[in-house]
Amino acid sequence: MINLILTQMQSGHLEKLAELEKICFSSQAWSYKSLEDELTNPTAHFFVAEVDEEVAGYIGMYVVCENCYVTNVAVFPQYRRQGVATALIKMAMLTADAMETDFISLEVRPSNEPAISLYQSFGFEQNGLRKNYYKNPTEDAWIMTKFFKRE
């Protein structure tokens, strides 16, 4: 069992996160500056997973007008399949729910079966499509959403 800690993104995380972006998203990677800008964005909620004080992954999301949109979920290859992404998704869902959003939504490549399976395990359902959303290789994006029941 790994020693996993979740924390809010801080400036000390940015270099590793920019590196992780290049590994996971190549041509569409967020730059150091883009990540840094989110530190002062009042709608942004970014969480970092650390294992033994090393950055293992992160999740970013925006909460606007009772809506929550996940921007990225990324995990370093050596920490995959160890519960890091699961913990990050749980944190995002808890945050979105606590902020009383109506839903949490994200995009995913249809070919990314492990991610789709993870999102479905949390109750996300495919409810839209963005044509040619991804590059290198070009691929559509499924829009997957989990609606919260509010009374």
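Modeller: Let us begin with a single side chain. Lys131 counts as exposed, at 60% relative accessibility; the classes are buried (under 20% relative accessible area), exposed (over 50%) and partly exposed (in between), with a 1.4 Å probe and protein chains only. This is a predicted model, in which local features need pLDDT of at least 70 and side-chain atom pairs count only at pLDDT 80 or more, while totals for chains, interfaces and linings use all residues. Residues are numbered from 1 along each chain as its sequence is written, and side-chain values use heavy atoms, with hydrogens and water left out.

Colleague: With which residue does Lys131 meet in a salt bridge?

Modeller: The term requires a side-chain nitrogen of Lys or Arg within 4 Å of a carboxyl oxygen of Asp or Glu. Here the partner of Lys131 is Asp140, at 3.4 Å from N to O.

Colleague: How many salt bridges does a search of the whole structure find?

Modeller: The search finds five. Among them is the bridge between Arg130 and Glu107, whose closest N and O atoms are 2.8 Å apart. That pair links distant parts of the chain, with Arg130 in strand 6 (residues 125–134) and Glu107 in strand 5 (residues 103–108), 23 residues apart. Arg130 is partly exposed, with a relative accessible area of 34%, and Glu107 is partly exposed at 23%.

Colleague: Where do Glu19 and Lys16 lie, and what separates them?

Modeller: An α-helix has 3.6 residues a turn, so residues three or four places apart point the same way. Glu19 and Lys16 are three residues apart in helix 1 (residues 14–25), which means that about one helical turn separates them. They form a salt bridge with the closest N and O atoms 3.8 Å apart. Glu19 has a relative accessible area of 36% and Lys16 one of 32%.

Colleague: What span should helix 3 have?

Modeller: The expected span is 1.5 Å times one less than the number of residues. For the 15 residues of helix 3 (residues 84–98) this gives 21 Å, and the end C-alpha atoms are 21 Å apart, which agrees. Its buried residues include Val84, Leu88, Ile89 and Met93. Glu100 follows helix 3 and has a positive phi, near 55°.

Colleague: How many aromatic pairs does the structure hold?

Modeller: A pair of aromatic rings is described by the distance of the centres and the angle of the planes. Rings of Phe, Tyr and Trp (its six-membered ring) pair if their centres lie within 6.5 Å, and planes under 30 degrees apart count as stacked, over 60 as edge-to-face and the rest as tilted. The structure holds seven such pairs. One of them, Phe46 with Tyr58, is stacked, at 6.1 Å centre to centre and 20° between the planes. Phe46 lies in strand 2 (residues 44–51) and Tyr58 in strand 3 (residues 54–64). Phe46 is buried at 6%, as is Tyr58 at 0%. By contrast in geometry, the rings of Tyr133 and Tyr134 have centres 5.0 Å apart and planes at 90°, so this pair is edge-to-face.

Colleague: Which residues form one aromatic cluster?

Modeller: Trp30, Phe46, Tyr58 and Tyr62 form it.

Methods
Helix = DSSP H or I, 4+ residues; strand = E, 2+ residues; numbered from the N terminus.
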